[in-house]
Amino acid sequence: MKFDYDVIVIGGGSAGLTAAKTAKGFGKKVLLIEKEKIGGECTWTGCVPSKALIRSANIAHYAKNLHKYGLASNMTELNAQKVMDHARTTIKKVYATHTPEEIKKEGIEILFGAASFVDKHHILVGNKKISFNKAIICTGSSPFVPPIEGLDQVDYLTNKNLFELDKLPKSMIILGGGPIGCEMASALNRLGTTVTIIEMNDRILPHEDLEMVNLLNQKFKSEGIVVAVNRTAIKIDEKDGLIVVETVDKDGKKYQYSGEKILVATGRKPNIDGLNLENAGIDWFKKGIIVDSTLKTTAGNIYACGDVVGPYLFSHMAWYQAVIAVRNTLIPIFKKKVDYTNVIWVTFTAPELATAGLTEEAAIEKYGKNGIKVFRYDYKKLDRAMTDETEFGLCKIICDNSYTILGIHILGAGAGDIIHEAQLAKTKGMKLWEIQSVIHAYPTYSELIWKDAKLAFVHKLLNNPLVRFFRSLFASKGTKK
């Protein structure tokens, strides 16, 4: 059977762009179908504008603390009302690198419209019926808005419309203490907005290492962010120009919080509505499309990747999955399985929290308390942190008893960049102590990993049976009279 296209890619976000370009690289005739705008969540309402806002927030923080660096300023008030303009300008700058015109230059055809499957080899976009040999679904995810009484009666925000604000509110309630909620709380607070995070669980960032979360909580509190955990929002109203959120804790006690605006950051849902997946024989559940370890759906010729599949909703994981999905779609003889052993992510709060591998709690559960070793180095001991006035933070690396790296957790300045040396060592199966032999430039933040490696090296050395024998021998000789 002759098809209109060798491969169609549905969705033009991080996963879709990667999939389309990779498939084209194999010499295939590719159609990219996009419902709204090329670039997806990351470009328009996620990574790009949020990081631009965070950058502005950090600059504002430095400006307010110039005296710490021996500088004086005549500035008496910080006006942050144009930061959203800056975020939108940044979006345009990034979007310019993958406009439809740029994509078409690479030989990829683009069709805008909502796609719906007719069967496993045909799809409708508007009134146009298109045949295809293989398909890759990359439709991403959208904000999940919980069914809270009164929420639909107020002008609530999500990350999709947050960056459309013309000016920042004086106060903000944030529903949800996950990565998006915490990042925006941190940034908005530093830009002068009074922020309250409401989280229904007993802690924010439930997937992070508890010790690091407790440290971040300390930082939030010191900067004036209110973190209300174990609070479930049950009713939302608007009174006297403020949005009022009524919550209840696990004991049934009620609490009220109010703010000029409310941001809903309570998780994500997969974008599968309207695709008519059942027509193609594709199974799904509430968290996304069901795929096997090769990212193949229950329709043998159709694969899926990115947020619509999960389980990790990060742009870099979408890229990783997209390459594997295309490879398995086009070279089925040598299929590659996804491997989430070395997943890594960064929560861009102030300071950043970078994570790879097991938390201490998960490591203890898997290996037992006596089966792991934890090495910590405080930022306050690091010379570079002292020069930069960034002494709040911790680098924590968890190993098994053979010093194989199980987890890496860094809270502090530049954590998202620092972590990659240890991530490389973890991925390649190196022992932590081996890093101590690598020369590190001074003074740099990268020394944090080196310092932990030195701690591991000393620990290994002191627990060497021969070294222990001589230490005990010399110690006993020293006690003789």
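In the predicted model, helix H3 (residues 47-64) packs against helix H7 at an angle of about 40°, and the two axes lie 8 Å apart; axes here are lines fitted to C-alpha atoms, for helices over the stretch in contact, and angles run from 0 to 180 degrees between N-to-C directions. This makes H3 oblique to H7, given that angles under 35 degrees count as roughly parallel, over 145 as roughly antiparallel, 65 to 115 as roughly perpendicular and the rest as oblique. The contact is formed by Ser50, Lys51, Leu53, Ile54, Ala57, Asn58, Ala60, His61 and Lys64 of H3 together with Glu183, Met184, Ala187, Leu188 and Arg190 of H7, contact meaning heavy atoms within 4.5 Å. By class, the residues of this contact divide into 7 nonpolar, 3 polar and 4 charged, where Ala, Val, Leu, Ile, Met, Phe, Trp, Tyr, Cys and Pro count as nonpolar, Asp, Glu, Lys and Arg as charged, and the others, Gly among them, as polar. H3 passes H7 in a left-handed crossing; a crossing is left-handed if the near helix is turned anticlockwise from the far one by less than a right angle, and right-handed if clockwise.

Because the model is predicted, local features need pLDDT of at least 70 and side-chain atom pairs count only at pLDDT 80 or more, whereas totals for chains, interfaces and linings use all residues. Residues are numbered from 1 along each chain as its sequence is written, and side-chain values use heavy atoms, with hydrogens and water left out. Helices (H or I, at least four residues) and strands (E, at least two) are DSSP runs, numbered from the N terminus.

Helix H7 (residues 179-190) also lies across strands E8 (171-175), E9 and E14, running at about 165° to E9. These strands belong to an open sheet of 4 strands with the order E10-E9-E8-E14 and parallel pairing, two strands being taken to pair if DSSP finds at least two bridges between them. Strands E10 (226-228) and E14 (261-264) stand at the edges, each with a single partner strand, so one side of each is left without a neighbour in the sheet. Neighbouring strands of this sheet are turned by 20° against each other on average, direction ignored. Strand E9 (residues 194-198) pairs with E10 in the parallel sense over 3 bridges, and Ile198 has Ala228 of E10 as its bridge partner. Within helix H7, Asn189 is buried, with a relative accessible area of 12%; buried means under 20% relative accessible area, exposed over 50%, and partly exposed in between (1.4 Å probe, protein chains only). Residues up to four places away in sequence not counted, Asn189 touches Val195, Glu223, Gly224 and Ile225.

A second open sheet, of 5 strands, has the order E19-E20-E23-E22-E21 with antiparallel pairing. Its edge strands are E19 (344-347) and E21 (372-378), each of which pairs on one side only, and neighbouring strands are turned by 10° against each other on average, direction ignored. Strand E20 (residues 352-357) and strand E23 (residues 405-412) run antiparallel and are joined by 6 bridges, with Thr355 standing opposite His409 in E23. Helix H12 (residues 415-427) lies across E19, E20, strand E22 (394-400) and E23, running at about 170° to E23, while helix H13 (residues 447-462) packs on the sheet, touching E21, E22 and E23, its direction making about 135° with that of E21.

Helix H1 (residues 14-25) packs with helix H9 (residues 315-330) at an angle of about 35°, their axes being 8 Å apart, and H1 passes H9 in a right-handed crossing. The contact of H1 with H9 has 9 nonpolar, 4 polar and no charged residues.

Further strand pairings are found elsewhere. Strand E1 (residues 5-10) and E2 pair in the parallel sense over 4 bridges, and the bridge partner of Val7 in E2 is Val30. Both faces of E2 are covered, in that Val30, Leu32 and Glu34 on one side and Leu31 and Ile33 on the other are all buried. Strands E4 (residues 115-119) and E5 (residues 122-125), which run antiparallel, are joined by 4 bridges and form a hairpin with 2 residues between them. Glu246, in strand E12 (residues 242-248), is buried, with a relative accessible area of 18%.
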